[in-house]
Amino acid sequence: MTRQDLFAHIADTYGITPDYPFEEDFVTAVFRHTGNRKWFAIAMRIPRGKLGLRGEGHVDVVNLKVSPEMIPSLVRESGVFPAYHMNKSHWVTAALDGTADNELVTFLVGVSVDLTKKKK
């Protein structure tokens, strides 16, 4: 999945477009629920080394909230890492360079949406 694929999936499935809350940063995109404004995804471009990846340059990623019980098995999947710059007990990072399985990323977006939606 690419960054553009992720944005299109979220727009098509949830009707949500990103906002860019960080001054002078037009790459880091946050996806929020319309009601409670809670984040369910943040797309960033980070240095490859921050995830322990070889090579120079940057990689597009998305951070998604998951249940803590899921994390040990998720980080064994290709392209999924302990959360970058978020609470590693509740979030994971998925690479948006084709290494993380598209269906897995789509599933994780749904999990994150459910975990962050307004409680009844």
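Biologist: Hello! Let's start with P82: in which strand does P82 lie?

Modeller: P82 belongs to strand 4, residues 80-82. Helices (H or I, at least four residues) and strands (E, at least two) are DSSP runs, numbered from the N terminus. This is a predicted model, in which local features need pLDDT of at least 70 and side-chain atom pairs count only at pLDDT 80 or more, while totals for chains, interfaces and linings use all residues. Residues are numbered from 1 along each chain as its sequence is written, and side-chain values use heavy atoms, with hydrogens and water left out.

Biologist: Why is P82 called partly exposed?

Modeller: Buried means under 20% relative accessible area, exposed over 50%, and partly exposed in between (1.4 Å probe, protein chains only). P82 has a relative accessible area of 42%, so P82 is partly exposed.

Biologist: What is P82 in contact with, leaving aside neighbours within four places in sequence?

Modeller: With those neighbours set aside, P82 is in contact with V75, K88 and T93; contact means heavy atoms within 4.5 Å. The C-alpha atoms of P82 and V92 are separated by 5.0 Å, although these two residues are 10 residues apart along the chain.

Biologist: Now the other two loops and strands on my list. How do you know whether H85 is buried or exposed?

Modeller: H85 has a relative accessible area of 66%, so H85 counts as exposed. You will find H85 in the loop between strand 4 and strand 5.

Biologist: Why is I46 called buried?

Modeller: The relative accessibility of I46 is 3%, so I46 counts as buried. I46 is part of strand 2. Leaving aside neighbours within four places in sequence, I46 is in contact with L51, G57, H58, V59, V61 and Y84.

Biologist: How do you know whether I71 and T28 are buried or exposed?

Modeller: I71, at 10% relative accessibility, counts as buried, and T28, at 11%, counts as buried too. I71 is placed in helix 2, whereas T28 is in the loop between helix 1 and strand 1.

Biologist: Let's turn to the helices. Why are helix 1 and helix 3 called oblique to each other?

Modeller: Helix 1 (residues 3-14) and helix 3 (residues 102-116) pack at an angle of about 50 degrees, with their axes 11 Å apart. Angles under 35 degrees count as roughly parallel, over 145 as roughly antiparallel, 65 to 115 as roughly perpendicular and the rest as oblique. Helix 1 and helix 3 are therefore oblique to each other.

Biologist: Which residues meet where helix 1 and helix 3 pack?

Modeller: From helix 1, L6, H9, I10 and Y14 meet V105, T106, V109, G110 and V113 of helix 3. By class, this contact has six nonpolar, three polar and no charged residues. Ala, Val, Leu, Ile, Met, Phe, Trp, Tyr, Cys and Pro count as nonpolar, Asp, Glu, Lys and Arg as charged, and the others, Gly among them, as polar.

Biologist: Which members of the largest nonpolar core touch the most other members?

Modeller: Of its 26 residues, L6, F40 and V109 do. A nonpolar core is a set of buried Ala, Val, Leu, Ile, Met, Phe, Trp, Tyr and Cys residues joined through side-chain atoms within 4.5 Å. Helix 3 gives the most to this core, with six residues. L6 touches M1, A43, V62, L96, V105 and V109, not counting residues up to four places away in sequence.

Methods: Axes fitted to C-alpha atoms, helices over the stretch in contact; angles between N-to-C directions.
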